[in-house]
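Hello,

Please find the structure below. My notes come after it.

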Amino acid sequence: MSALSLGATIGIIGGGQLGRMLALSAARLGFRVAVLDPNPDCAAAQVANQVIAAPYDDPGALGRLADASAVVTYEFENVAVEPLRALAARVPVFPPPQALEVAQDRVVEKAFLNGIGIPTAEWRAVDDVQELDHAFQELGGDCILKTRRFGYDGKGQATIRQRSPHADAFESLGSVPAILEKKVPFEFELSVVAARGQDGAVASYDPAENVHSLGILKRSTVPGRVTAALAAEAGDIAARILEHLDYVGVVGVEFFATTNGLLVNEIAPRVHNSGHWTEAVCLVSQFEQHVRAIAGLPLGSAARHADCVMENLIGAEIDGALALLADPDAVLHVYGKGEAKPGRKMGHVTRIVRP
Ligand code: ADP
Ligand code: MG
């Protein structure tokens, strides 16, 4: 694809906070944005040129998005792959649908990673309670049962400790195809946000150490406990994933740091919450980097000019957010969502850590 021209329209499937931040970066580079989201008042709608209010898999709405856009991207991984492939026949779609197909199913994802020599937690695919009993015996010790698809922020997961019975756990997730993973005794969690351009160039941001609370990312610290050696290893793994998927755009790769080295937890085929700090302390943020990649432009520097801590503002934590500006080293980002429901990501704040 040749590079987009100034004033071209970028289509974004999904109008949450990630779509909103992508739209802001797109605008800064002189592009227009069309957003497809069922909610006409979604977070991205407030900063987009055009909103198509319809379900993500509505063929007519996808057609209108294709007509309006010079390139289409998506901000979450639960877009159906088949309509996206049909869309890709009409307009360039990045990241490529085959990457989405890998990332949206935990079994396909782990098989892909292991297949290219990247270690993960030990796992088994389980489609019914008998398979779950059998897998639990094989793996031994504490495990985590996860739905293969549609999980996010720790939803669709259950911890399994006892030998049996497992029917309740399986049913609690809706009796859907699942994966059983051995629980990893990690020292800490980290993630890398990396990008690949249409020319094959790769740029990786420094990894962040992540802390989750109730399954939701609470805090990303850069560099945290991530040593230079770990950072190099994580960056290499991310680059291998990008190349094997013939990827274009930004990816988030989540890892467990264990005493025996790094394990990959999961891949997110989009900009990632643990990369929000890049807007505060990098020349080119993950959002602009994604826009550059899908627009066929050169990637920018991922270099970081300060240590920092990013904290999510979840639910009622958004109340009084403007008071955070009393700290001159704090950068605030509010998502403009209506109701501050518990567990809902409402904004984030990044604070510079001075030496
Ligand atoms: P989500 O898609 O909801 O982010 P994850 O697979 O990343 O799902 O799981 C959410 C969190 O649960 C992880 O960040 C980690 O803290 C914990 N977790 C998930 N899988 C494992 C595992 N196999 N061993 C230990 N902790 C895990
Ligand atoms: Mg995760």
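Here is what I found, starting with conventions.

This is a predicted model: local features need pLDDT of at least 70, side-chain atom pairs count only at pLDDT 80 or more, and totals for chains, interfaces and linings use all residues. Residues are numbered from 1 along each chain as its sequence is written, while chains are lettered from A and ligands numbered from 1 in the order in which they are written.

**The sheet**

Four strands make an open, parallel sheet, ordered β3-β2-β1-β4. Strands are DSSP runs (E, at least two residues), numbered from the N terminus. Two of them pair if DSSP finds at least two bridges between them. β3 (50-52) and β4 sit at the edges with a single partner strand each, so one side of each lacks a neighbour in the sheet.

Strands β1 (residues 9-13) and β4 pair in the parallel sense over four bridges. Gly-11 is opposite Val-72 in β4. Ile-13 has Tyr-74 as its bridge partner there.

Which way do the β4 residues point? Val-71 and Thr-73 face one way, Val-72 and Tyr-74 the other, and all are buried (20 or more other C-beta atoms within 10 Å of a residue's own, C-beta atoms being placed from the backbone).

**The ligand**

Ligand 1 is surrounded by 15 residues (C-beta atom, placed from the backbone, within 6 Å). The closest are Ala-121, Gly-154, Glu-181, Lys-183 and Val-184. Domain 2 (122-182) and domain 3 (188-353) each give at least three residues to the shell; the bounds come from an automatic or database domain assignment.

Regards

Terms used: A residue is buried if 20 or more other C-beta atoms lie within 10 Å of its own, exposed if 12 or fewer, and partly exposed in between; C-beta atoms are placed from the backbone.
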